[in-house]
Amino acid sequence: METLLSRYRNVTVLLLVIFAQLILLAYQVKNDSDVRLIRVWAVTAVTPLARTLEGARGGTTGFLQNYVVLRDTRSENQKLRSELGKLKLENQFLKTELATADRAKALEAFETHTPSKMVGARVIATAAGGSNTAVFVDRGSTSGVEKGMAVVTPDGIVGKVLAAYPTASQVLLVTDPSFAAGVVSQKNHVRGILKGMGHGTCKVDYVQNEEKVETGEWFYTSGDDRIFPKGMPAGQVTAVRPGGSFLEIAVEPSGLANGLEEVLIILEGVHQEIPEVKAAAAPIYLAPPPPTEGAGAAAQTGPTGGPNANSGLATDADKMREHYKEIGDAQNHKFGDNPPGTKAVDFNLQPKPGEKPGPAPTGAGTASKPVPPAPKTTTSDPASPTQ
Amino acid sequence: MRYSDDHVLLHTQRETQISRFRAWVLFLVPLAAILFQVYVPLFFQFLAYLELPLIVTVYFALMRRSPIGGLFVGALVGLAQDSLSKNPLGMFGITKTIIGYVAASVGLRLDVDHPLIRLILGFFFFVFHQFIFWALSRGLLGQSMNFETQRTLVLGLLNAIVAVSLFHFLDKLKERA
């Protein structure tokens with residue numbers, strides 16, 4: 001046995017090392033837990049280096065940019081070089097400061113106006129492995145960050161905290177295939193699950209083919225996942241097409257649209273209302289109706305007396321109302337004004353065209369008939385320009 | 001240019017000479033490769049597909065020509081990479097352990113100082129690495145990942161080109177006898 005092992009020493013060691021790692025892997029998968037110690041060591045070791053690199057990068061970039069500017073200016077004019085360089089240096093510095101201040105201000109404003117309790121964080125590294133769908137931020141458990149917390153920007157959701165270490169946290173981005181969040185569409189309130197595609201885009205899954213989702217429509221978090229508070233923008237629909245049993249909805253995540261430098265981690269989420277879609281407020285122009293035969297005469301006898309009265313566009317209901325009004329006028333009856341004792345209108349009477357209303361018949365001895373429900377006239381004609 | 005078996009395969013004791021490196025090189029180069037992978041893609045996203053930890057593992061395994069040394073280098077680099085990734089610990093560890101072992105075994109038989117051989121090996125080990133990782137993801141984690149052959153081949157070629165340049169640079173860090 002010993003000879004056999006020594007003879008196949010390399011393969012034996014290989015199998016042993018693989019076996020040990022398989023045990024490690026099985027332990028994590030079986031218990032759904034992590035070997036935290038190793039990760040904490042690794043992240044804690046890398047975070048200061050990443051921070052230092054980030055700081056050095058910022059300084060070096062600014063220095064190099066300004067240096068190049070100064071060199072170009074020197075070749076052009078020696079006298080103006082220092083002044084121009086100084087101004088550009090100052091300009092560059094101010095621009096950088098302004099950009100930083102703008103971003104910080106935007107985050108601060110968002111943080112102030114959002115009821116959820118948040119903490120700002122800066123992206124310092126991406127996760128190893130080349131997938132580019134997980135990043136490290138410089139806030140960890142010492143800042144109150146915990147696994148599962150939502151990560152957002154003012155533009156939308158970014159991801160969720162996959163693991164929180166003392167000095168940093170790993171954030172799984174919305175574009176990762178293993179990411180999922182409950183979302184609801186803004187217009188038709190269609191619910192679905194937002195999932196990453198691995199290549200910078202997302203999809204909304206489990207939406208029935210019968211549901212109505214439109215391109216350009218926004219999806220907001222529904223709050224069902226207990227990670228993201230309700231009402232945070234998730235993304236905009238870029239394409240919709242029917243699938244096997246569910247719609248295939250492509251969504252561009254709005255939280256990653258403007259790059260990823262500073263983010264907010266939601267420590268205590270508060271649900272918000274999903275904003276309603278605003279109806280078009282612009283007035284709609286309506287052209288005047290086409291002229292009809294005898295429009296002038298009709299205008300005189302129209303129900304409202306307006307130019308639209310009895311036009312060719314009148315509906316059956318309009319014609320009926322006009323007919324009843326003529327009957328009423330012929331009998332000197334005003335619909336809607338029926339004091340007790342008023343004689344009922346004879347609807348069988350057919351008024352001749354052009355007939356002037358005669359005096360009201362005084363039928364004191366006439367037996368009063370039951371009054372039929374008089375059609376209610378209205379002066380509000382929505383199509384009338386007099387309104 | 002034509003390479004006969006005499007040029008490609010190793011026969012003599014002189015040719016199988018093991019390259020030695022200083023301890024700091026063995027520590028700092030893989031660390032720098034991992035740091036590169038976690039930091040640089042923040043600003044240049046396309047560089048996320050550059051598998052520097054793999055290239056470094058392959059280099060040390062090929063040059064040291066020790067299967068046990070190679071597999072340990074691979075295991076350590078892989079586990080370090082795992083600890084900074086979203087994967088369970090062991091995925092890159094197992095993958096790079098196998099790569100380290102195979103690379104060292106290949107290094108015993110081939111003249112790995114030649115650029116063409118390095119280019120081919122760089123390409124082969126990248127594709128092999130991606131395949132093992134894909135197989136482990138499906139087999140052990142049950143993830144429904146697709147093996148994107150065309151993309152892998154293109155990235156393999158790019159990584160191989162980078163590997164040849166990096167190997168040339170790392171050759172200068174070898175300890176001289």
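1. Let's begin with helix H2 of chain A: its 23 residues reach 33 Å from the first C-alpha to the last, close to the 33 Å expected at 1.5 Å a residue. The expected span is 1.5 Å times one less than the number of residues. Helices (H or I, at least four residues) and strands (E, at least two) are DSSP runs, numbered from the N terminus. Please keep in mind that this is a predicted model: local features need pLDDT of at least 70, side-chain atom pairs count only at pLDDT 80 or more, and totals for chains, interfaces and linings use all residues. Residues are numbered from 1 along each chain as its sequence is written, while chains are lettered from A and ligands numbered from 1 in the order in which they are written.

2. Which residues of H2(A) are buried? They are Leu14(A), Val17(A), Gln21(A) and Leu25(A). Here, buried stands for 20 or more other C-beta atoms within 10 Å of a residue's own, exposed for 12 or fewer, and partly exposed for anything in between, with C-beta atoms placed from the backbone. An α-helix has 3.6 residues a turn, so residues three or four places apart point the same way. The cover over the buried residues of H2(A) includes helix H4 (67-83) and H5 of chain B.

3. Now look at H2(A), residues 9-31, beside H5(B), residues 91-107: their axes come within 9 Å and cross at roughly 170°. This is why H2(A) is roughly antiparallel to H5(B). Axes are lines fitted to C-alpha atoms, for helices over the stretch in contact, and angles run from 0 to 180 degrees between N-to-C directions. Angles under 35 degrees count as roughly parallel, over 145 as roughly antiparallel, 65 to 115 as roughly perpendicular and the rest as oblique. On the H2(A) side the contact uses Leu14(A), Val17(A), Ile18(A), Gln21(A) and Leu22(A), and on the H5(B) side Gly93(B), Ile94(B), Thr97(B) and Tyr101(B). Contact means C-beta atoms, placed from the backbone, within 7 Å.

4. Stepping back to the two chains, 32 residues from chain A and 32 residues from chain B take part in the contact. On the chain A side, H2, helix H3 (36-76), strand E1 (117-126) and strand E5 (169-173) each supply at least two residues. H2(A) gives the most, with eleven residues.

5. The strands of chain A include a closed barrel of six, in the order E1-E2-E5-E4-E3-E12, with antiparallel pairing. From one strand to the next, the twist averages 45°. Within chain A, E2 (residues 134-137) and E5 run antiparallel and are joined by four bridges; strands pair if DSSP finds at least two bridges between them. In this pair, Ala134(A) stands opposite Leu172(A).

6. Another place to look is E7(A), residues 191-196, which pairs with E8(A), residues 202-205, in the antiparallel sense over four bridges. Ile193(A) faces Asp205(A) there. The two strands form a hairpin with five residues between them, and Gly198(A) in the turn has a positive phi of about 90°. E8(A) is also joined to E11(A), residues 247-253, by three antiparallel bridges, with Cys202(A) opposite Val251(A).

7. Finally, check two loop residues. His189(A), between E6 (180-185) and E7, has a positive phi near 55°. His189(A) counts as exposed because it has 11 C-beta neighbours inside 10 Å. Tyr206(A), between E8 and E9 (218-221), has a positive phi near 60°. Most residues other than glycine have a negative phi.
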